[in-house]
Amino acid sequence: MTARQPLVVVGDVLLDRDIDGASSRLAPDAPAPVVDVTDDRSRPGGAGLAAKLAARSGCSGRSGRDVVLVTALGDDPASEAVRRALHGVVRLVEIPLEGRLPEKTRVMASGRPLVRFDRGGGRPGQPGPEVREALAGARAVLVADYGRGTATAVRGLLADVARRVPLLWDPHPKGDSPVPGARLVTPNASEARALTSGEDRSLHACAVRGAQLAAEWRAAAVAVTLGARGALLARAGSDSPMLVPAPYRADGDPCGAGDCFAATAAAALADGGLPEEAVQRAVAEAAAFVAAGGAGNRTLWRTAPPADRPTAARPADPFELARSVQARGGTVVATGGCFDLLHAGHVGLLESARRIGDCLIVCVNSDASVTRLKGPGRPLTRAADRTRVLAGLGSVDAVAVFDEDSPVELLRRLRPDVWVKGGDYSVDALPEAATLQEWGGQALVLPYLDGRSTTALARRAARAAAPGPEYRP
């Protein structure tokens, strides 16, 4: 994106203030908690936060995106504080504000909101020619509508913009409806309920509301954000919504997560992404944003980018896991195999093995090892995919890949307490049994579900794929 084609954010800026402290007692004259203040800080909120996040290419800290913020500011101290905080971060195109900029003050006790005070509430005046010029040069537009009138003041210009470039509208029940032609609209679940009828909170109801709103607003798509569950993407007249789950559970302050979602999705649309791609990126970034502390994260307003963003939990290192479990007196269980096509027999074995000890490490043959053991055409699934599938099972704590025909050398490094195999083996016939005895470990055989094997599955698939008598080349 060039400086001549910025992402333009249009919307209502607020001044957010957090008063942090600890509370361990009640006031003597009323049953009210006493907060011993440890910190008091302010930052731009609403469209100001969305613009800040968009300038950092979403919420992960990568810089370099040119962003213009079209908003209403006045001569009051809160407006001046916003100007100072956004200086050098985004380019401001101001609409005159009649009255005071809205302020939201949260009192936090041990990281949890205790009470919030709202003050101010001016209204935007008439936009000048600078606003028209900024929108005419936009690569994409994000409307962060907080129901304070900025989107309404610019609505006539936005209707034309939506016909030319991607426009994302983040709505508010007290705000204006999105202009027709929006590429994506992003209400949260409670906003979608407020904008429609009914109190049903099921995923089906969210999908119906999303499709209904998309039709009503004549939007290409509506993404109903669901907090920790992710987001549901719906289109008018479609019975096939797409649920994008969060990559992991993010425990942190959710304040500003909606702005992060909208900013990331708008940046993705500006880069040429489809709504589906934009929502996937936005869900991942919003989870990382919450995990990093939300809008209250101090690094967000520093000049330098923050450290690496949180990512989905990485698979545990099998050797560190084994050492830590044994250090606290636990039992390390290991098993192994090709696991080329995971089936019910595998799952049953792994669940049984996990119940034996305090962790389960699966040793997986590499692709070259599987080919030597099973012959040409195997593996059917490459090692990276087999590892990912195994690591996703609740019974598996770590996965280790070995390149030899036998996991003996890997086991000597892991030194598990128990080695498990399934099937018709006897313990004496297990080639790993002697290795386990070197450090006092035990090899065990567990029952295996009959009739389940990768080879049998592959043969059935081949027969099903073979052309029948009616086939004509």
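These notebook entries record what I looked up in the structure.

Entry 1, the model. I am working from a predicted model, in which local features need pLDDT of at least 70 and side-chain atom pairs count only at pLDDT 80 or more, while totals for chains, interfaces and linings use all residues. Residues are numbered from 1 along each chain as its sequence is written, and side-chain values use heavy atoms, with hydrogens and water left out.

I looked up the nonpolar cores, meaning sets of buried Ala, Val, Leu, Ile, Met, Phe, Trp, Tyr and Cys residues joined through side-chain atoms within 4.5 Å, where buried is under 20% relative accessible area with a 1.4 Å probe and protein chains only. The largest has 84 residues, and Leu135 and Val141 are among those with the most contacts inside it. Another core, of 21 residues including Val332 and Leu430, lies apart from it.

I found five strands in an open sheet, ordered E17-E16-E15-E18-E19 with parallel pairing, where two strands pair if DSSP finds at least two bridges between them. At the edges are E17 (398-402) and E19 (442-446), each pairing on one side only. E16 (residues 359-365) and E17 pair in the parallel sense over five bridges, and Cys363 stands opposite Ala400 in E17.

Conventions: Helix = DSSP H or I, 4+ residues; strand = E, 2+ residues; numbered from the N terminus. Buried < 20%, exposed > 50% of the residue type's maximum accessible area, 1.4 Å probe, protein only.
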